[in-house]
Amino acid sequence: MRLLRLVLTRATFYAAAAIFAALFAIPLVWLLFAPFDARANLAVRLPHPFTLANFGKVFANAFAVRALFQNSIIQAGGAMLLVTLLATLAAYALSRSPIRGKDLLSYGLVLFSSIVTGTAAMVPLFLLIYSLGLIDTQLGVILVFTGGLLPAAIFIMRDFVDSIPRSYEESALVAGASAWGMFKDIALPIVRPGMMVVAVWTFVNVWGGFFVPFILLRSPSNMPASVAIYSFYTEGGTPIITLTTAYSLLYTLPVLALYLFVNWRYGFRFFGGIKS
Amino acid sequence: MPERRTILPLRTGLLFLAPAAIFVVAFIVLPFFWVAVVSFTNRSLTGPGALHPHFVGLTNYLQLFAPRTFLQPGQFGSSLLITGQFVLFSALIGQAVLGLVLAWLFYRRESWVKQTVQTLAIVAWIIPDVVVAFAWSAFLDYGQGTLNHILTGLGLPRVDWLLGVPMLSIILFNTWRGTAFSMLLFSSALGSIPPSHLETADVTGANAWQKLRDIILPLIRTHIVTDLILITLWTFNTFTPFLITGGGPAFRTEVVSILTYRIAFKYFNFGSGSAIGMIMMLINLAFALVYLSLLRRREATR
């Protein structure tokens, strides 16, 4: 009787797990097969005939290549550098210098950034970039993403800096190092793992971001891959499906690779931070 | 507290903080006040309102709340109701409940089964918006989509997901999309419960449901509140349904972010768009204040 119950419990567990696995996997199966199918439509089927020509189509499309290999990289890379640099400096200052009311400042930062979201603030963000003369420029997109992601990045970094013992820096000061030299030679190497996490997190967020470039950019030559994919699939048609699925797969791979990297290097602890 | 040596002098500290502060003031603080100012004007992208916007008082707000049109399709009240349904069913019920079920199912179990299911949920969560939206447009397609293939395979009738039941479609999509966050948060919450709490219940022969209700849920109460508020904020502000339905058909999936976009960037009516943005921010503020006060209380009791 007890054995029967054990078997039943196990069977229920595996059945439930299988159903959940299927629920999450099935909507993506099509995206895995269609890029390799010469006659892909919206239906799921094993690629027949199997082909890599769809990827060739991507590389023959100047708009697609420029969006993915130039614009997305410039925008995500630019914001990544700015956010990582500024968040590290700011978090270090908030942790190590006697600024009054810095905890209140941190709370205010979180409060404001969760209220002023990209969609709620779309009009003033557009007007701000417009008055800076940066509409339809990569720089405008980089600046808006940097401003939007900085508060969370500072928060992640501050957690990191706070967890480091102060004794290294104190002995460096005793040895006569300047504030900047101490930051550069002692603190930076120690907080590097935190900077890596913030850098990856920022890159993935901007890489996947759609709304900001969608409202700030006009010319096709400035569009990142996210907006390019949207413009492909809203046009529709079979030839475009083969191109767009192959393109989507190429565009997704860096995100999966970076996730695997962070997961392998820093473990699950940081996972909560990889997506806002 | 012992007097600690100052590592970074105040002036250097302010210098380190300045560049980030400029960005935060320009792109977070300024837009908050700017949206309020624009919401009281007739500012537009083109036409006379672009060059010489006028102060129009409460006109934009009065139009949004005009009782005669408030609840008509494509109007503010109707959009708020749609957003409320979207948040309630896809985040509070869909993501949170499914996340809890998954965390509970794999609690105290380490196996390849757990790894597989959790990884699949996480993949659904980290793939970029446009890609999952594209995949779901195909998944839900009436003629060729995978979901209707499965239904016909089971002997059930096809459903016209995107035109017939668009709300259900974006609710299913957003549940699928975001469950991983709740699952991870609840998994780590469950992991922090001391095993001794459950061993007593095992001895007394409590069943799984009793253990969940009487022991687990009370212990992870603060995590649940954190989860609910965060996913509510994110779902309330998301623009992603636009990528699947564009807000249609006939405004039936037009959540407030899409409505704001249509008013401000399709009709170029920045004043009215700002008024909606202002109300969105006030709703966000209410959620954030509740969250911060709960966080503080938790820190105080620690």
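Domain bounds here come from an automatic or database domain assignment. With that in mind, the C-alpha centres of domain 1 of chain B and domain 2 of chain B lie 31 Å apart. The structure is a predicted model, in which local features need pLDDT of at least 70, side-chain atom pairs count only at pLDDT 80 or more, and totals for chains, interfaces and linings use all residues. Residues are numbered from 1 along each chain as its sequence is written, while chains are lettered from A and ligands numbered from 1 in the order in which they are written.

Let us stay with chain B for a moment. Domain 1 of chain B is assigned to 24-58 + 257-287, and domain 2 of chain B to 70-254. Their contact takes 8 residues from domain 1 of chain B and 13 residues from domain 2 of chain B, where two residues are in contact if their C-beta atoms, placed from the backbone, lie within 7 Å. On the domain 1 side, the elements that give two or more residues are helix 14 (256-266) and helix 15 (270-301) of chain B. Helices and strands are DSSP runs numbered from the N terminus (helices H or I, at least four residues; strands E, at least two).

Now take a look at chain B as a whole. Its secondary structure comes to 15 helices and 0 strands, and its C-alpha trace spans about 75 × 75 × 35 Å along the principal axes. Of the 302 residues in chain B, 42% are buried; a residue is buried if 20 or more other C-beta atoms lie within 10 Å of its own, exposed if 12 or fewer, and partly exposed in between, with C-beta atoms placed from the backbone. Among contacts in chain B between residues at least 6 apart in sequence, 68% join residues at least 24 apart.

Helix 6 (residues 129-139) of chain B is mostly covered, with 11 of its 11 residues buried; among them are B:Asp129, B:Phe134 and B:Trp136. Helix 14 of chain B is largely enclosed by the rest of the structure, because 8 of its 11 residues are buried. The buried residues of helix 14 of chain B include B:Val256, B:Leu259 and B:Tyr261. After helix 14 of chain B comes B:Phe268, whose phi is positive, near 55 degrees.

Next, see how helices pack. Two packed helices are described by the angle between their axes and the distance between the axes. The axes of helix 5 (residues 112-126) of chain B and helix 9 (residues 166-191) of chain B come within 7 Å and cross at roughly 120 degrees. Axes are lines fitted to C-alpha atoms, for helices over the stretch in contact, and angles run from 0 to 180 degrees between N-to-C directions. Helix 5 of chain B and helix 9 of chain B are therefore oblique to each other, since angles under 35 degrees count as roughly parallel, over 145 as roughly antiparallel, 65 to 115 as roughly perpendicular and the rest as oblique. The residues of this contact divide into 8 nonpolar, 3 polar and 1 charged.

Residues making the contact include A:Ala76 and A:Met80 of helix 3 of chain A and A:Val191 and A:Met195 of helix 8 of chain A. By class, the contact has 15 nonpolar, 5 polar and no charged residues.

The domain assignment of chain A gives domain 1 (1-51) and domain 2 (61-273), with C-alpha centres 34 Å apart. Here 5 residues of domain 1 of chain A are in contact with 7 residues of domain 2 of chain A.

Finally, bring the chains together. In all, 72 residues of chain B are in contact with 75 residues of chain A. Helix 1 (residues 10-38) of chain B gives the largest share of the chain B side, 20 residues. That side of chain B has 53 nonpolar, 16 polar and 3 charged residues.

Notes
Ala, Val, Leu, Ile, Met, Phe, Trp, Tyr, Cys and Pro count as nonpolar, Asp, Glu, Lys and Arg as charged, and the others, Gly among them, as polar.
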